[in-house]
Amino acid sequence: MTTQNGSHEQRHVLITGGSRGIGLGLALRLLARGDQVLITGRSERSLAEVARAHPGVETFAGDLSDPADREKLAWHVRETMPELDLLINNAGIQRRVALAADDAPWAERQIELDTLLAAPVHLDHLLVPVLLAHGRPAAIVEVTSGGAIIPQPFAPLYSACKAALHSYTVTLRHSLAYTNCRVIELMPPAVATALAGPGNTHGAPLEEFCDAALAGIDRALTGGPQVIGYGMTTDERIADRLHTEQQMFDTLSSRFPTTTYAGAEERRNSH
């Protein structure tokens, strides 16, 4: 975040899936401007390589498809980064297999579902109290996908999970309204990373995308659009759909009273 006099105010950032691809690209940009950055990944070796190449990056090894590892990560953050003010839920895997051809054991499919959907939902539950406790401006960035809006037959579970995460993000934003924590959705198109495995690296150039993504996050943190697209995901038809969805949500979300984080905080403080 940049202050009114142009100086940079240090942020305290957790990026899941930060040992490569989009996560690493964002981590290095944030680190370069003086932010405290903690990245997670499943591979201790990959994290160690990043730490050696980029002194200052903090790392935590864990499998976010495992709820026990998510609990350990949250405990680590509470102990070492209580000033956390930017959580970027980026960790992901993509199994490129059509529904009719998918004969993998259910446990393999469950890992994809848990990494893409259960992990960010659980981490938000665990870390929102940390983001709210210090009282300073904070934000959660949920990394979805163009597949959230246009299902991809070659990656059906990935698309379905990202669609669910998009829906959840709208509700999370509503739940955190009137608190110090903003909710931002980063909606990449295909980006040239190794997400789908070796050889599947088509898409937008990674460095260009990360530059644009961070600029979009910065704008969102200071009142700009809270959904950040790039390339295909800035198509006006997608923008129109998102606008219509938000209008309908705003109209219908008050039909039944629901507890928000702001209301829960008021009740806690009144006792």
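A polar contact is a pair of N or O atoms within 3.5 Å; within protein, one must be able to donate a hydrogen and the other to accept it, and residues adjacent in sequence count only if both atoms are side-chain atoms. The model is predicted: local features need pLDDT of at least 70, side-chain atom pairs count only at pLDDT 80 or more, and totals for chains, interfaces and linings use all residues. Residues are numbered from 1 along each chain as its sequence is written, and side-chain values use heavy atoms, with hydrogens and water left out.

**Exercise 1.** Find which side chain makes a polar contact with the side chain of His 12, and state whether His 12 is buried or exposed.

Solution. Start with the place: His 12 lies in strand E1, residues 12–15. Strands (E, at least two residues) and helices (H or I, at least four) are DSSP runs numbered from the N terminus. Next, the relative accessible area of His 12 is 13%. This residue is therefore buried, since buried means under 20%, exposed over 50% and partly exposed in between (1.4 Å probe, protein chains only). The polar partner is the side chain of Gln 36, at 2.8 Å. Contact in general means heavy atoms within 4.5 Å. Beyond four places in sequence, His 12 has contacts that include Gln 36, Met 81, Asp 85 and Arg 136.

**Exercise 2.** Which backbone nitrogens does the side chain of Thr 16 reach?

Solution. Thr 16 sits in the loop between E1 and helix H1 (21–32). With a relative accessible area of 1%, Thr 16 is buried. A polar atom of its side chain lies 2.9 Å from the backbone nitrogen of Asn 90. The backbone nitrogen of Ala 91 is also reached by the Thr 16 side chain, at 2.9 Å. Among the contacts of Thr 16 outside four places in sequence are Thr 40, Leu 64 and Leu 123.

**Exercise 3.** Work out how helices H4 and H5 are oriented to each other, and which kinds of residue make up their contact.

Solution. H4 covers residues 106–133, and H5 covers 156–175. The two pack at an angle of about 10° with their axes 9 Å apart; axes are lines fitted to C-alpha atoms, for helices over the stretch in contact, and angles run from 0 to 180 degrees between N-to-C directions. Contact residues include Leu 113 and Leu 117 of H4, and Leu 165 and Tyr 168 of H5. The contact divides into 12 nonpolar, no polar and 4 charged residues. Here Ala, Val, Leu, Ile, Met, Phe, Trp, Tyr, Cys and Pro count as nonpolar, Asp, Glu, Lys and Arg as charged, and the others, Gly among them, as polar.

**Exercise 4.** How many aromatic pairs are there?

Solution. Rings of Phe, Tyr and Trp (its six-membered ring) pair if their centres lie within 6.5 Å; planes under 30 degrees apart count as stacked, over 60 as edge-to-face and the rest as tilted. The count is 1 aromatic pair. Phe 209 and Tyr 230 form it edge-to-face, 5.5 Å centre to centre, with 90° between the planes. Phe 209 belongs to helix H6 (residues 206–221) and Tyr 230 to the loop between strand E7 (227–229) and helix H7 (236–252), so the pair ties together parts 21 residues apart in sequence. Phe 209 is buried, at 1% relative accessibility.

Terms used:
Angles under 35 degrees count as roughly parallel, over 145 as roughly antiparallel, 65 to 115 as roughly perpendicular and the rest as oblique.
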